[in-house]
Amino acid sequence: MALKKFLLGEDRSEEGISRSAVREIKVLREISSPFVVRLYDAFVYKSNVWVALELCTGDLEAVIKARRSGLLTYTEADIKSYMFQILSGLHHLEAHNVLHRDVKPNNIMFGVDGCLKLIDFGLSRVYPGPGTKCTPRVFNQWYRAPELLLGARAYGFPVDMWACGCTMAEIFRGTPLFASDRESELAQLSTILKTLGPPSQEELGKLAHLPHVGFLPLDRGTRGVPLQSLVPGASDLALDLIRNMLRYVPGERVTPGEALRHPFFTEGVPMTTAAELPRGVPKKGRAGGGRGSTGGEAEAGGAMGAEAGDGAKRAREEGPEEGGVKRLKGSERDALFERGAEPQSRVVEGSGVDQSRRALFEEEL
Ligand SMILES: Nc1ncnc2c1ncn2[C@@H]1O[C@H](COP(=O)(O)OP(=O)(O)O)[C@@H](O)[C@H]1O
Ligand SMILES: [Mg+2]
């Protein structure tokens, strides 16, 4: 199992509760799918929230990078399998009314059962229904859908599908599709428009209600770049699916259920079985680019009792650590959960300090 530790951070609510932790726990409690990381338990120790998750062994970003460095290869048959599993996870979330809101390759991991799993539900929420306002400051900017960049506050499942399209293109390309070098909505929109070409008049009409549509950097001279040159090696069917995931108008984007029935999965080379998939190697040390959710002190004693506290401390000192997650051996798990470590349903304090997480202050949990 893996233990994710939420530190005291800027995303705490007035009651001192980590919103990222609450979101992760609330959502994962309701979800059970081979394609979504499993939540075992959650508890508070001192001022940290600890979330016990199914152990995963490496993420999709590491596999993409390993292929780029020539350390492994994967084929379209493999990509079919990766995408089928990711879409199955998204399909399950949609069926349970959950928006992930942080889909990207390093939030997709390989489980020990061989399946790809969606992880990191720190930005997720239950879809509140059409018209209800949510924050548009979700996702890593490169994976943020145009309607969010245009300030939409009422949005739905198509935001996750956009990020899924970016991810599919990235698996083929080896690099992110819309990697803007500046951190701003406008710069990101401009990168998207330069790549895909500007939206048509008809599409613009359907986006006209969005708050910042007037700022759309419409350069009629730009026609975009043909998708086949952006996503080299992809078959026509793969390109068709990506195109349908990356539609400007959210309602015109393919749904996970439709995507799973797309001919990409049923025609041409059959997809690789999960057991045969290239999975890469688990990362050593702390994951880069995260929000640095480790670093606090877990002390012996306190609410969990000395033994459990010692277990946590030992895990910290000895266990390999990846961006906020400690890997525990069976005996360490016992120390934490079975010898007097009473899991608590109350959640206090946590971390989550990036921009998106700060924006969550605005939202009701
Ligand atoms: N269940 C897990 N098993 C193994 N490693 C994990 C697991 N969940 C997360 N990790 C590792 O910890 C990193 C950070 O976890 P994540 O849930 O993505 O939080 P955040 O990105 O918000 O810090 C991941 O990128 C991954 O390397
Ligand atoms: Mg993450």
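**Reading the model**

Author: Let us begin with a single residue, bearing in mind that the model is predicted. Asp120 is buried, because 24 other C-beta atoms lie within 10 Å, and 20 or more are required for that term. Asp120 belongs to the loop between S7 and strand S8 (125-126).

Reader: What is the phi of Asp120?

Author: Phi of Asp120 is near 60°, which is a positive value in a residue other than glycine. Arg101 also has a positive phi, of about 70°, and is not a glycine.

Reader: Where does Arg101 lie, and is Arg101 buried or exposed?

Author: The loop between strand S5 (98-99) and S6 holds Arg101. Arg101 counts as buried because it has 26 C-beta neighbours inside 10 Å.

Reader: Over how many bridges do S4 and S6 pair, and which residue stands opposite Cys56?

Author: S4 pairs with strand S6 (residues 108-111) over 2 bridges in the antiparallel sense. Opposite Cys56 stands Gly111 in S6.

Reader: How is a pair of helices to be read, and at what angle do the axes of H5 and H9 cross?

Author: One takes the approach of the axes, the crossing angle, the handedness and the residues in contact. The axes of helix H5 (residues 158-173) and helix H9 (residues 236-245) come within 8 Å and cross at roughly 150°. The crossing of H5 past H9 is left-handed. On the H5 side the contact is made by Met161, Trp162, Cys164, Gly165, Met168, Ala169 and Phe172, and on the H9 side by Ala238, Ile242 and Met245. Of the residues in this contact of H5 with H9, 9 are nonpolar, 1 is polar and none is charged.

Reader: What separates the C-alpha atoms of Pro198 and Gly224?

Author: Their C-alpha atoms are separated by 7.2 Å, although the two residues are 26 apart along the chain. Pro198 sits in the loop between helix H6 (185-196) and helix H7 (201-207). Pro198 is buried, because 20 other C-beta atoms lie within 10 Å.

Reader: How many helices and strands does the chain have?

Author: The chain has 14 helices and 10 strands. Of its 365 residues, 47% are buried. Among contacts between residues at least 6 apart in sequence, 76% join residues at least 24 apart.

Reader: What is the mean pLDDT of the chain, and where is the pLDDT below 50?

Author: The mean is 80, and 73% of the residues reach 70 or more. The pLDDT is below 50 over residues 285-324, a stretch that has 79 contacts in the model beyond near neighbours in sequence. Over residues 333-365 the pLDDT also stays under 50, and the model has 101 contacts beyond four places in sequence for them.

Technical notes
Residues numbered from 1 in each chain as written. Chains lettered and ligands numbered in written order. Predicted model: local features only at pLDDT ≥ 70, side-chain atom pairs only at ≥ 80, totals over all residues. Pairing = 2+ DSSP bridges. Helix = DSSP H or I, 4+ residues; strand = E, 2+ residues; numbered from the N terminus. Buried ≥ 20, exposed ≤ 12 C-beta atoms within 10 Å, placed from the backbone. Axes fitted to C-alpha atoms, helices over the stretch in contact; angles between N-to-C directions. Left-handed = near helix turned anticlockwise from the far one by under 90°. Contact = placed C-beta atoms within 7 Å. Nonpolar A, V, L, I, M, F, W, Y, C, P; charged D, E, K, R; others polar. pLDDT = per-residue confidence, 0-100.
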